[in-house]
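The following note is intended to accompany a first reading of the structure. Please keep the display open while working through the numbered points.

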Amino acid sequence: MPDLRHYAALYIVPMYQLDTSPYARRGDGDSQGGSDMSRAQLYDTIGATYTVTRRTEPRIAARIWAALGDARTVVNVGAGTGSYEPPGRGVTAVEPSALMRAQRPAGAAPCVAAAAESLPFEDQSFDVAMAVSTIHHWQDPIAGLREMRRVARRVVVFTHDASDTGWHRRFWLTRDYLPEAADLVAGRPSLTELARAIGARTEPVLIPWDCADGFFEAHWRRPEAYLDDHVRRGVSVWARVGPEAEQRAVHGLRDDLASGRWARRNRDLLDLEAAELGLRLLIA
């Protein structure tokens with residue numbers, strides 16, 4: 001594992017008492033993220049249920065860990081509460097949200113309060129830099145990926161293909177109830193641009209019907225889950241579309257489940273074991 005003593009005075013946060021991240025709130029109440037809600041602020045809002053609703057999905061973890069290869073040292077950028085951190089390797093976590101850091105379990109990897117776009121490590125400090133379900137929240141995803149490339153010899157990223165507009169039609173939740181979700185990826189770098197930035201290849205990742213990680217698309221065959229407020233609170237999409245769109249979607253889905261309309265419209269899904277909804281691995 002890289003020697004972190006050089007960074008300890010400013011970045012390692014014992015007991016998660018201090019948020020020194022570049023996304024911390026300023027005294028005037030604004031954020032330094034340059035957007036309506038920075039990543040740290042967003043996860044301080046939605047992150048309280050993460051350890052319950054956003055657990056490691058073993059089949060997706062197996063894909064990510066296989067992509068890590070024989071790496072002995074790993075930096076996990078946008079690490080959150082520690083899901084998908086590989087066992088048996090020297091892991092260093094990077095997470096800007098104080099609330100997320102506070103939920104990391106006892107004995108978890110040491111956690112650095114920093115942003116992906118400015119990682120406090122020397123060049124080639126790690127064998128691999130990994131990032132899981134996080135780059136869509138970065139202020140500058142391309143810059144963050146290039147930082148990962150700088151500090152590690154290899155890069156593995158689990159993300160969503162924002163340029164795949166077809167998934168909005170394939171996924172009944174966005175197609176029939178929450179079309180506003182499509183607007184959230186407008187202007188974001190395409191998968192091709194992300195891959196080009198670090199010289200990565202891409203691999204599709206299917207979502208199992210009983211996925212343990214409750215990300216936005218995870219309950220594609222379990223629609224009742226989206227009626228659970230705790231499930232929705234663990235997904236940034238709902239916070240970003242706003243309460244009016246959220247409640248309209250929930251009410252519409254509840255009515256269609258009760259009437260049987262959802263089952264009639266989506267009967268083809270009921271026999272599927274996994275779905276392709278735009279999730280990808282970038283491997284460089």
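1. Two residues are in contact when they have heavy atoms within 4.5 Å. Helices (H or I, at least four residues) and strands (E, at least two) are DSSP runs, numbered from the N terminus. The model is predicted: local features need pLDDT of at least 70, side-chain atom pairs count only at pLDDT 80 or more, and totals for chains, interfaces and linings use all residues. Residues are numbered from 1 along each chain as its sequence is written, and side-chain values use heavy atoms, with hydrogens and water left out.

2. The protein contains 12 helices and 9 strands. Of its 284 residues, 54% are buried; buried means under 20% relative accessible area, exposed over 50%, and partly exposed in between (1.4 Å probe, protein chains only). Among contacts with a separation of 6 or more, 71% join residues 24 or more positions apart.

3. Helix 3 (residues 58-68) has the buried residues I60, A61, I64, A67 and L68. These lie on the same side of helix 3 because they cover an arc of only 125° around the axis, the arc being that of the directions from the helix axis to the C-beta atoms. P58 and A66, on the other side of helix 3, are exposed. The cover over the buried residues of helix 3 includes strand 4, strand 5 and strand 9 (279-283). After helix 3 comes G69, with a positive phi near 65°.

4. Strand 5 is largely enclosed by the rest of the structure, because 7 of its 9 residues are buried. Strand 5 pairs with strand 4 in the parallel sense over 6 bridges, and A129 stands opposite V155 in strand 5. Two strands pair if DSSP finds at least two bridges between them. Strand 5 and strand 9 run antiparallel and are joined by 5 bridges; here V156 stands opposite I283 in strand 9.

5. Strand 4, helix 5 and strand 5 form a right-handed β-α-β unit. A crossover is right-handed if, with the strands pointing away from the viewer, the path from the first strand over the helix to the second runs clockwise. Helix 5 (residues 141-151) has buried residues including I142, L145, M148 and V151. Among the elements that cover the buried residues of helix 5 are strand 1 (73-77) and helix 8 (191-198).

6. How many disulfides does a search of the whole structure find? The search finds 0, a disulfide being a pair of cysteine sulfur atoms within 2.5 Å. C111 is buried, with a relative accessible area of 3%, and C211 counts as buried at 2% relative accessibility.
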